[in-house]
Amino acid sequence: MSGQKPSLRSGDSAQSRFQVDVVTEGSPAAPAPVPAPTQAPAPASTDGSKPPEDSKGRFRVVGFMDPGALGSAMDIGLPPDVSHEPDTARSDSVSLHSTGTGHTHISDSHSNTYYMRTFGHNTIDAVPNIDFYRQTAAPFGEKLSRPSLSELHDELDKEPFEDGLANGDEPSAAEEAAALAAKEGKGGTVKFGWVKGVLVRCMLNIWGVMLFIRMSWIVGQAGIGCAESHRRLTIAIILMASVVTTITGLSTSAIATNGFVRGVVNDETLINTVYSCYQGGAYYLISRSLGPEFGGSIGLIFAFANAVAVAMYVVGFAETVVEMLNDVDALMTDELNDIRIVGTLTIILLLGISVAGMEWEAKAQIVLLVILLAAIVNYFIGSFMSTESKEPKGFFGYNTAIFIENLGPDFRDDETFFSVFAIFFPAATGILAGANISGDLTDPQSAIPKGTLLAILITGITYVFVAISAGSCVVRDATGDHNDTVSDTVNCTDAACTLGYDFSICKEGGCQFGLMNDFQVMSLVSGFGPLISAGIFSATLSSALASLVSAPKVFQALCKDNIYPGLGVFAKGYGKNNEPLRGYVLTFCIGLAFILIAELNIIAPIISNFFLASYALINFSVFHASLANSPGWRPSFKYYNMWVSLAGAILCCVVMFVINWWAALVTLLIVLALYIYVSYKKPDVNWGSSTQALIYNQALTHCLNLTGVEDHVKNFRPQCLVLTGYPSSRPALLQLVHSFTKNVGLMVCGHIRTVTRRPNFKELSQDHARCQRWLNKKRIKAFYTTVFSDNLRHGTQFLLQAVGLGRLKPNTLVMGFKNNWSDGDMRDVEIYINTIHDAFDLQFGVVILRLQDALDVSHIQGQDRCPSSYLTQGKTGNESISECQRVSLTSPSAISCCVISVTETKSPLSLTDQRLLETSQQFKKKQGKGTIDVWWLFDDGGLTLLIPFLLTNRSKWGDCRIRVFIGGKINRIDHDRRAMAMLLSRFRIDFSDIHVLGDINTKPKKHNKLTFKELIEPYRLKEDDMEQEAAERLKAQEPWRITDNELELYKAKTNRQIRLNELLKEHSNAAKLIVMSMPLARKGTVSSALYMCWLETLTKDVPPLLLVRGNHQSVLTFYS
C-alpha cells in the first residue's frame, strides 16, 4: 500500500449509491523528490467516460487531484506505516507538517494544502458550481442541480435514484462531438459583440435625420451660445438631451448588469442549447425590475412606439427622395402621394432585409454606418473649403464675425427654446437600440454599458461640433443672389456686410438660403453634396431598420410572458435565432398605416412621448430597486446613483409635458389604464421585482413599528385563525369569516394534518403553494398554514402559539361544529372540547359555526377545481386528469384542492351531498333582506356584537338588519330595553329591534328534557351501579364520562340550554344568521360529553348559528 497511489474509487463502486470519479489536474508537485513508486497507479479517466462496471448515480462528484500531491505514500512523505484513506466517515482530516529536519508530523487540520485540494470531491456533497445557479438547462443534458438537503440528510435506502444521465455528468467525447456536429450542421446561433451589437446600432439611431436636415435650423433659431444667463443656446439643447440619455444609459447599464438575460431552451438533436429569446429591451428591463404591472404597460407602448418609429424614419427618407425628384421635376403625382408611394416601397424592402435574419440585418447596418461616417467627415472637410459660388447662399467658411453673430438666439415664427428642443429630442431616442436585442448579444452585461454610453458620448460630441461648425461658417439669412453686394448707400452692420454681401432684404422674408431657411445647409457646406444625401438615406434607413427589428423582438418577449391574453400567437419564433416573423408582419402593418399619413410632424410627438415614458420608468426602476435595498440588487456596473436616476425620471416626465402636453397626457393615461388592467388580472408570474422587495421592506417596517404600540380598544380587529383544513374543504366557514375580516382583520386558514407517515417537504410546499394560490384565485384575502401533529388539539396548540408576526397575530379561534360527534370515538370529542379550553387558556376568543348540513365537503367529488396552472401545461384530456390524480395521490387529503373534474368519471351525487353542496355556498351569494339575530346573553367584551356589525357593512349582508336579544326580568323589560338601546347608540351600531327575554329561566318543555336525557344516556358514568373503585378506574380511562353529581350540580345550566333552543326556534327561525353567546364550561369540572351535549342541544334544528365568546377584553368603546 505504501507504494501505491491511493484511489478514491472503491472496489465495490458498482454497488455504491454515489459515484466518485477522479479527474487529474496538472499542477507542480509540492513535495521534495522521493523514490519512484513500486506500483503504477490506476489510470484516471480523462475523457469523461466511465468504466463499464461503474453504476450511474444521480450525482457525479469530480475530484481535481494534484498528481504530485496524490502520489504514493512515499511520494508525499508519509511514513511506511501510514496510508491515506478517503475521509468519507470522518469530518476531521490528516495534515502533514514538515519541521525542516526530515521528519513529518501528522495532525488534525482543515487547512492543509493536500486536503484543500481534495475537499468536496470524496463526498456526495457538492462544491460551489455556477451551473447550480443557472435558471436554464445545461448545454448538454438536463439542468444541473446540487444534491438536495433530503438526499444528503435522509437514510441512503429511502428511495432509489433514477436511471439515465445523472445530474452533473459530462458527456463522453463521442457524445460531445456528435452534439457539436449536430449544432454545426444546423448552423449556430448568431451573437454580436458590444461594437456590432450595441455601439453601431445606437449611433445609427441617434445620428438620424435631425443631424443632416434640422441641426442647422436649430442653430439658427437657438444660436450656438450666449453670455447672458437668461438666454438659451443650441449647445444647451444638446446637453439637456444628452443628460436625459446619459442618466437613462447609466440606469440601463445598472439593470442590465444585475444578472444575465435569461433564455429559453430549444431542443436540437442531442443537445439542449440555450438561446436567449428574451430580447425585450426596455420591456425586459422594466418588467423584471418593477414587475408585470409597469413592465406590461410600458412594454406594449414601447413596442408600438418602435413600430411607429419605423414610419417616422421612412417618411423622413421619403421626403428627401421626393424633394430630389421635385428638383428635377420628376414627381409621379404630387408630393404627398409620392411620399406614400416611396415610403411603402421602402418599408417593403426593409421588411425583406429584417426577415432575412439578424446576420443580414447586421451586415446592412455596417454598410449604412460606413456611409454615415463618410457623410459626416465629408461635411467637416467641406467646411474648410469655402468657394465664391457658395457665398451668396450664406457659406463663407469659418469666420469670427459669423460666429459672434450666431452665438445668441434669434427665435422666429413663434418658436421657443422648448419648441426647438422638442424638435431636436427625437434625435436622442436611439439609446436602447442595443438593449432591444439583448438576447442576441454575446455578453449583454458588458456590451450594453460600454456600447450605450460610448454611443451617447460620440454622438453628443458630434452634434456639438456640427452646431459650432455650422454656426461659425454660415449666416442665418442669404438670398443666393451674387448681385447682393454691399453698396456705399446702404447702412449694413451684420456679419455678411463685413464679408461684402448685403442680405438685409431677408428681414422682410422670402429668402431661401442660410441657417434659418435652408434645411440642406449641410449639403451646401460639404465637399461632395451627393454624399450628404447618401448620409441622409443611411441615417433614415438604418434607424428605420433598427426600429423594424426592435419592435417585433420587444413584442415577442411581451407575448411570451402571457401578460395580455390573446397575444400569444405573436410569441412564436422561427429559425435558428427564433425570429418573430409574425411580429415583423404586424410591425409592417402598423408602420405602413402611419406612413400613409405622410406627415412627419404628426408622427414625431407620439413617438417622443412614448420613448420618454420608457426612459422615465427605466430610471425609476433603478431608484426603486435601490430604495428597496434588496440583497438581490447587485449590479456589477457601479457608476450609478439612485437619486440621479430619480432626477432622470422626473426630468423625462417634465420633458414629455414640455414637448407636447396633450401627447404626454394621453401617454400617461394609456400607461395607467394598462397598469390597472394588469393589476386587476394579476398574471401568474414571479420575477423577483423591486416592487416585491419594497413591499417586503414596508411590511417589515410596519410590523416592527406596530410592536412598539400598545393595543387600543378603538383599533381592535378580529384576527381569526380558522381551522378550515384545506381551504376548499369548508367553503361556508371560509366565506363567512372572510365576510367580516376582509380589509379589516387578519385571516389565517389553519390546517392540521394528522398523517401517519413522515411529512415530505416537497409535498408540503406544493400543497401550501397550491392552496394559497386557490385562495388568491377565489379572491379570498387570507393566509394558509399547515402543521403536522398527532391530533387536533396538539396541532391547534402549535398554531395558537406560533402563527402570526408581532401584532399581526390571531386573537380569535374559529372552527366548525362537530356535527358527527355522536357517531365517532368519544376521545375525539375530548380532544375537540379540550381544544376550546386551550384557546381560552391562551386568551383567545372562540367562534363556532354550525350548519345543520355540516361544513366539510371535501369528500364530494367535483365540488371544486384547482386553477389550470396546477395541471401540467401542454396536456389535454386524460393527461391533465392523470396529473391531477397524481397530485391528489401524493397527498390523499388534498383532493379538495385538486379534484378530478371530468363528467365521464364523476358519479351522480346523492340527495344528501347535493343539499350539502348547496348549503356550503349559502354565504357566497347575496343574502337579501332579512335579519341577523344577535343573542347577546353574556358580556364577553363585545365580540358577539362586533361580528354582526362588520357583516352588515358588506354588500352581501347589507340588506340585513340587526336584531338584539338580551336576557332580563319580566318586571324590568322596558328599562332593560332602553338601557341596551342607549348602549348600542353609544357604540354607533344600528339595530332594528331589541328583544328582552324575561322567560329564559322558565323550565323547558318536558319532551325536550327527555330528548336531552336520551342524548346523554350513552355517556353517563352511572357510578351508582358499580363499585367505587371500578367507577374511579373507568372515569380515569374515559374522562369524558358524565357523573351523576355533575348532572345534579349543573342541572340549572342544562335546563337553560334546552330553554334557549326553544326560544331560538320561536324567535329566530327565519333569521339569515344567528350570533349567540357561547356557554362556558369550567375546565376540570364539566366533562367533555356534557359540554358537547349542551352545545348540541343549544344549536340543534336552527338556522346557521355562530357561537361566539370573546376573551372578555373590551373590543367596543363609545369614547372618541
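Reader: Let's start with Cys-511: is this residue buried or exposed?
Author: Keep in mind that we're looking at a predicted model. The relative accessibility of Cys-511 comes to 14%. Buried means under 20%, so Cys-511 counts as buried.

Reader: And which cysteine is joined to Cys-511 by a disulfide?
Author: The structure holds 1 disulfide. A sulfur pair has to be within 2.5 Å to count, and here the S to S distance is 1.8 Å. The cysteine joined to Cys-511 is Cys-506.

Reader: What's the handedness of that disulfide between Cys-506 and Cys-511?
Author: Look at the torsion about the S-S bond, which is about -95 degrees. Because of that torsion, the disulfide of Cys-506 and Cys-511 is left-handed.

Reader: What relative accessibility does Cys-1093 have?
Author: Cys-1093 counts as buried. The cut-off for buried is under 20%, and the value for Cys-1093 is 0%.

Reader: Moving on to Ser-383, which residues does it contact, leaving aside neighbours within four places in sequence?
Author: Ser-383 is in the loop between α10 (358–382) and α11 (400–405). With a relative accessible area of 1%, this serine is buried. Its contacts, once neighbours within four places are set aside, are Phe-395, Gly-397, Tyr-398, Ser-469 and Val-525.

Reader: How about Gln-1057: what is its relative accessible area?
Author: You'll find Gln-1057 in helix α33 (residues 1051–1067). Not counting residues up to four places away in sequence, Gln-1057 touches Pro-1079, Trp-1094, Thr-1097 and Leu-1098. Gln-1057 is buried, and its relative accessible area is 2%.

Reader: Lys-1022 isn't a glycine, but what is its phi?
Author: Lys-1022 belongs to the loop between α30 (1006–1016) and α31 (1028–1037). With a relative accessible area of 29%, Lys-1022 is partly exposed. Its phi is positive, at about 55 degrees.

Reader: Where does His-1112 sit?
Author: His-1112 also has a positive phi, near 65 degrees, though this residue is other than glycine. At 43% relative accessibility, His-1112 counts as partly exposed. As for its place, that is in the segment after β16 (1105–1109).

Reader: On to helix packing: at what angle do α4 and α13 pack?
Author: Here helix α4 (residues 194–206) meets helix α13 (residues 444–473), with the axes 8 Å apart. The crossing is right-handed. The angle between α4 and α13 is about 35 degrees.

Reader: Which residues of α4 meet α13?
Author: On the α13 side, the residues met include Ala-447, Ile-448, Lys-450, Gly-451 and Tyr-463. The residues of this contact of α4 with α13 divide into 12 nonpolar, 3 polar and 1 charged. From α4 come Trp-194, Val-198, Leu-199, Cys-202, Met-203 and Ile-206.

Reader: And what about α24 and α25: are they roughly parallel or roughly antiparallel?
Author: The axes of helix α24 (residues 792–802) and helix α25 (residues 826–841) come within 8 Å and cross at roughly 20 degrees. Angles under 35 degrees fall in one class, so α24 and α25 are roughly parallel.

Reader: How do the residues of the contact of α24 with α25 divide?
Author: α24 passes α25 in a right-handed crossing. Among the residues making the contact are Leu-792 and Arg-793 of α24, and Ile-831 and Asp-838 of α25. The contact of α24 with α25 divides into 5 nonpolar, 4 polar and 2 charged.

Reader: Zooming out, what share of the chain is buried?
Author: The secondary structure comes to 34 helices and 16 strands. Of the contacts with a separation of 6 or more, 79% are between residues 24 or more positions apart. The chain has 1120 residues, and the buried ones make up 50%.

Conventions
Residues are numbered from 1 along each chain as its sequence is written. This is a predicted model: local features need pLDDT of at least 70, side-chain atom pairs count only at pLDDT 80 or more; totals for chains, interfaces and linings use all residues. Side-chain values use heavy atoms; hydrogens and water are left out. Axes are lines fitted to C-alpha atoms, for helices over the stretch in contact, and angles run from 0 to 180 degrees between N-to-C directions. Helices (H or I, at least four residues) and strands (E, at least two) are DSSP runs, numbered from the N terminus. A crossing is left-handed if the near helix is turned anticlockwise from the far one by less than a right angle, and right-handed if clockwise. Contact means heavy atoms within 4.5 Å. Ala, Val, Leu, Ile, Met, Phe, Trp, Tyr, Cys and Pro count as nonpolar, Asp, Glu, Lys and Arg as charged, and the others, Gly among them, as polar. Buried means under 20% relative accessible area, exposed over 50%, partly exposed in between (1.4 Å probe, protein chains only). Angles under 35 degrees count as roughly parallel, over 145 as roughly antiparallel, 65 to 115 as roughly perpendicular and the rest as oblique.
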